[in-house]
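My entries follow in the order in which I looked things up.

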Amino acid sequence: MTFTISDTVYGTDSADAKHTMYNDLLPQLTGLVHGETDLIANTANFSSLVFNSMPGLNWAGFYFLKGDELVLGPFQGKPACIRIKKGRGVCGTTVVEGKAIVVPDVHAFPGHIACDVNSRSELVVPVRGPDGAIIGVFDLDSPQPNRFDDVDAEGITALLKVLEATL
């Protein structure tokens, strides 16, 4: 399968603009992971696609569960925290709660872990293995307050379903 990566500049100022962006990213991601089952390769391309397509990000990447902590995986952005305990910060809380968490203002989230002092909002979505168990999280950070909403959580969840089908 061949794939094309768009250089479209997307808007984030409305739900319709976000839906358009996620609808465009789905076939791009599908093409990127088609026929590939390597977790590192697919999560690296996933992170790059999202980071380079979505406006207003300063970090996009994965953390994977190893025992009772999350360990840094492929990402785009500044160097990041390497290990996060389950239940700590937004990423660790996402694992415990088992659902996407949208944080409009990271300074208002109890126990927020500041890997990049410029981050102001965050979205973390669980990644599930073939049996439905959480194997990690996909984390998005933005220097803009209120950058993420439920449309973003749904859009990233849909993209992760494409990735999860390769596991």
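**Entry 1: the record and the ground rules**

I began with UniProt, where an unreviewed entry lists residues 61-162 for "domain: GAF"; UniProt positions are given in the numbering used here, feature names are shortened, and annotations may be inferred rather than shown by experiment. I note that this is a predicted model, in which local features need pLDDT of at least 70 and side-chain atom pairs count only at pLDDT 80 or more, while totals for chains, interfaces and linings use all residues. Residues are numbered from 1 along each chain as its sequence is written, and side-chain values use heavy atoms, with hydrogens and water left out.

Over residues 61-162 I read 22% helix and 37% strand, with the end C-alpha atoms 16 Å apart. Helices (H or I, at least four residues) and strands (E, at least two) are DSSP runs, numbered from the N terminus.

**Entry 2: the sheet**

I traced six strands in an open sheet, in the order E3-E2-E1-E6-E5-E4, with antiparallel pairing; two strands pair if DSSP finds at least two bridges between them. E3 and E4 stand at the edges with a single partner strand each, so one side of each has no neighbour in the sheet. From one strand to the next the twist averages 25°.

I then went through the pairings one by one. E2 and E3 are antiparallel over three bridges, and here Leu70 stands opposite Ile84 in E3. E1 and E6 pair in the antiparallel sense over six bridges, with Phe62 opposite Phe138 in E6. E5 and E6 also run antiparallel and are joined by eight bridges; Val127 stands opposite Gly136 in E6. The hairpin of E5 and E6 has five residues between the strands, and Gly132 in this hairpin takes a positive phi near 90°.

How enclosed is E6? Eight of its nine residues are buried, so E6 is largely enclosed by the rest of the structure; buried means under 20% relative accessible area, exposed over 50%, and partly exposed in between (1.4 Å probe, protein chains only).

On E1 I looked up Gly61, which counts as buried at 0% relative accessibility. Leaving aside neighbours within four places in sequence, Gly61 is in contact (heavy atoms within 4.5 Å) with Ser47, Pro74, Phe75, Val137, Phe138 and Asp139.

**Entry 3: the cores**

Which residues have the most contacts inside the largest nonpolar core? I find 27 residues in this core, and those with the most contacts inside it are Phe46, Val50, Met54, Phe138, Leu140, Ile156 and Leu160. A nonpolar core is a set of buried Ala, Val, Leu, Ile, Met, Phe, Trp, Tyr and Cys residues joined through side-chain atoms within 4.5 Å. At least two residues of this core come from each of helix H1 (15-33), helix H2 (39-53), strand E1 (59-66), strand E5 (121-128), strand E6 (134-142) and helix H4 (150-164). Apart from this core lies another, of 15 residues, among them Leu70, Ile84, Phe109 and Ile134.

Not counting residues up to four places away in sequence, Leu160 touches Phe46, Phe62, Val125, Pro126, Val127 and Phe138.

**Entry 4: the helices**

H4 lies across E1, E4, E5 and E6, running at about 30° to E5. The axes of H1 and H4 come within 9 Å and cross at roughly 10°; axes are lines fitted to C-alpha atoms, for helices over the stretch in contact, and angles run from 0 to 180 degrees between N-to-C directions. H1 and H4 are therefore roughly parallel to each other, as angles under 35 degrees count as roughly parallel, over 145 as roughly antiparallel, 65 to 115 as roughly perpendicular and the rest as oblique. The residues making this contact include Lys18, Tyr22 and Leu26 of H1 and Val151, Asp152 and Ile156 of H4.

Is Lys18 buried or exposed? Lys18, in helix H1, counts as buried at 3% relative accessibility. Beyond four places in sequence, Lys18 is in contact with Gly11, Thr12, Arg147, Asp149, Val151 and Asp152. By contrast, Asp13, in the segment before H1, is exposed, with a relative accessible area of 73%.

Helix H3 (residues 89-97) is mostly covered, with seven of its nine residues buried. The cover over these buried residues includes E1, strand E2 (69-77), strand E3 (83-85), strand E4 (101-103), E5 and E6. Gly98, which follows H3, has a positive phi near 70°.
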